[in-house]
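Reader: I have a structure to read and would like to go through it by question and answer. Please show it first.

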Amino acid sequence: MRTPFDRAGRLAAALAALLAASAAGAGAFAPPAAAQNPAPSSVVLDLDGPLVAGGTPRAATLDVAFDEDPTGPLVMALDVDAPDSTVYFGQGAGCHTYDPSPYIECEIEEAGTANAFGFAVAAATGTELGEYDYTLTIYYGAVEVHTETGTVEVVEERYEGVFTDYAIEDTTATGVGPGAVVDVNPRFSAGSAFPGDLYATVLWFGTGLRGMGAEGVRNDAPWDNCTPNIWETMFDGYFCFFLDFEDSPGTAYQLSEPIPYTVDANAPGPLAVCGCGYHVFALNEETYERDFGELSWDEGSANLIELVTAADQGAVDGDDAADLVIETTANPYDLTVAGADLGGGEVEVTVPIGNDGPAMAAYRPEFEAEPSFLLRGQLPEGAQLVSVAEVDIYGWRCLDDSEIDDRREALEAGSGLDRIDFACVFNGLDPGESIDVVLTIDTTDATGRAGRIEVDAFYRGVDGVNLDGDMSNNAAALTVDDRSLPNTGNSSIVFIAVAAGAVVIGVVLFLITRRREQPAAAPDLTEDTGATGPER
């Protein structure tokens, strides 16, 4: 039935309602007073049913039309005869909900010839399946001008052009060496008969979140009916499409050729370099064209991957998405840091950080845009940090005081520092790569007690192992000599020249040795502390 309403406008109202959070209403609308109360010429309620118990809220719309342009407010009230906390409504423009009751009222303050209400409706998890009666009442002025009844159905699931009743098995590969290729070809099966309009079976093979940029593994699908993910900006991987498939629930299928996942030749280990996944689903033609456009390959091409019946016809456990885990063999990196001896006043020192390999210190963020490595420091007693120069390396930045406080637990994990005076983060270093960190430090009030600088990773490998193969070079001292005894080669000569004899020289050398005594030995970083890496 055609109505005076523009469909785009109704959808906009519904989408606005979906974005509003469900909230309890403050009070009921009082029926508005008006001198005229014309009956509507058209009333169309669309609850976008059926509702799925525990499913996504649906975009409901109500269109109310009048032949003549009315004046004043228009009110609708929708009451579903269902138990509390089952069917519920989400806020829409001008609407009040009455949770946990399945009741909603909405108002348009200035009605016109065409009026569109939009709101969300859903069924909570555990709602008993079946049909529920509703009553819709429309008020114009102080008078009820329209009443109708109907039913809304609650179902376990609904088909909307996407079929997901599949099971696909997990894959785990362990003991994978650097540079090795893992062939991934999971079995999968449908749990029920296909809808009659299915057009394409789709398999997705991912390597992780694109925004995270995690290093260590990549996949490939060099067939014409497979394509990189160009539709979603978040996920890396390949879609493979199949137009030739059988409707055979319970039959296990596989690809005619496996999907290769290649581990980086410099990947560290033991590490789960691929906490990845894959997914199987099927689409009707309308949904396929909406989501992926027209076919991008020649159906007669000789370079197509196909679906074949699996040799193993045992039951496939799981659902439509599964996990792919690839764990590498032992292959450590070796982060290093060198200390510095500071002179008096405001000084600029260079602290080198390197990776002696053989593996890369790989970028493995736990969350999007999170760093993987850190440099933390405790200044000599009384010294003040003036600045840390920018370093031209991916992800380098220094944390301000509030960020240090927010990340303190992660920053302090495994540390030998008494306190953290500064901390900088970065995303990784290739084997043999090094960077110079330039610190400007004011030592005017320094007492001479040494400070300390450390380099470490935020993450750990399989079973919490530290992927750094040599922890003895992950920390170094920041020292400040007494002003009367600067730490230079010429300073001892000055003192020696003042002396007049061997005995005096011996005393002076003894004092020099005592005054240059190194700070207390740093904790042994090679000792197994049981740490599994910083938690966030």
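Reader: Is Cys 226 buried or exposed?
Author: This is a predicted model, in which local features need pLDDT of at least 70, side-chain atom pairs count only at pLDDT 80 or more, and totals for chains, interfaces and linings use all residues. Residues are numbered from 1 along each chain as its sequence is written, and side-chain values use heavy atoms, with hydrogens and water left out. Buried means under 20% relative accessible area, exposed over 50%, and partly exposed in between (1.4 Å probe, protein chains only). Cys 226 has 8% relative accessibility, so it counts as buried.

Reader: Which residue does Cys 226 join in a disulfide?
Author: A disulfide is a pair of cysteine sulfur atoms within 2.5 Å. For Cys 226 the S to S value is 2.1 Å, and the partner is Cys 240.

Reader: How many residues apart in sequence are the parts tied together by Cys 226 and Cys 240?
Author: Strands (E, at least two residues) are DSSP runs, numbered from the N terminus. Cys 226 lies in strand 18 (residues 226-228) and Cys 240 in strand 19 (residues 235-242), so the parts they tie together are 14 residues apart.

Reader: What is the handedness of the disulfide of Cys 95 and Cys 106?
Author: The disulfide joins Cys 95 to Cys 106 with S to S at 2.0 Å. The torsion about their S-S bond is about 105°, so the disulfide is right-handed.

Reader: Is Cys 398 buried or partly exposed?
Author: Cys 398 forms a disulfide with Cys 424. Cys 424 has 1% relative accessibility and counts as buried. Cys 398 has a relative accessible area of 32%, so it is partly exposed.

Reader: What pattern do the disulfides of the protein chain follow?
Author: A search of the whole structure finds 4 disulfides. With bonded cysteines counted along the chain, the pattern is 1-2, 3-4, 5-6, 7-8.

Reader: Which residues touch the most other members of the largest nonpolar core?
Author: A nonpolar core is a set of buried Ala, Val, Leu, Ile, Met, Phe, Trp, Tyr and Cys residues joined through side-chain atoms within 4.5 Å. In soluble globular proteins, nonpolar side chains tend to be buried together. The largest core here has 76 residues, and the members that touch the most others are Tyr 261, Ile 326 and Trp 396.

Reader: Which strand gives the most to this core, and which domains give residues to it?
Author: Strand 22 (residues 272-284) gives the most, with 6 residues. Domain bounds come from an automatic or database domain assignment. The core lies between two domains because both give residues to it: domain 2 (162-328) and domain 3 (335-480).

Reader: Which cysteine does Trp 396 touch?
Author: Contact means heavy atoms within 4.5 Å. Leaving out residues up to four places away in sequence, Trp 396 touches residues including Leu 375, Val 388, Phe 426 and Cys 424.

Reader: In which sense do strand 22 and strand 24 pair?
Author: Two strands pair if DSSP finds at least two bridges between them. Tyr 278 has Ala 322 in strand 24 as its bridge partner. Strand 22 and strand 24 have 7 bridges, and the sense is antiparallel.

Technical notes:
Helices (H or I, at least four residues) and strands (E, at least two) are DSSP runs, numbered from the N terminus.
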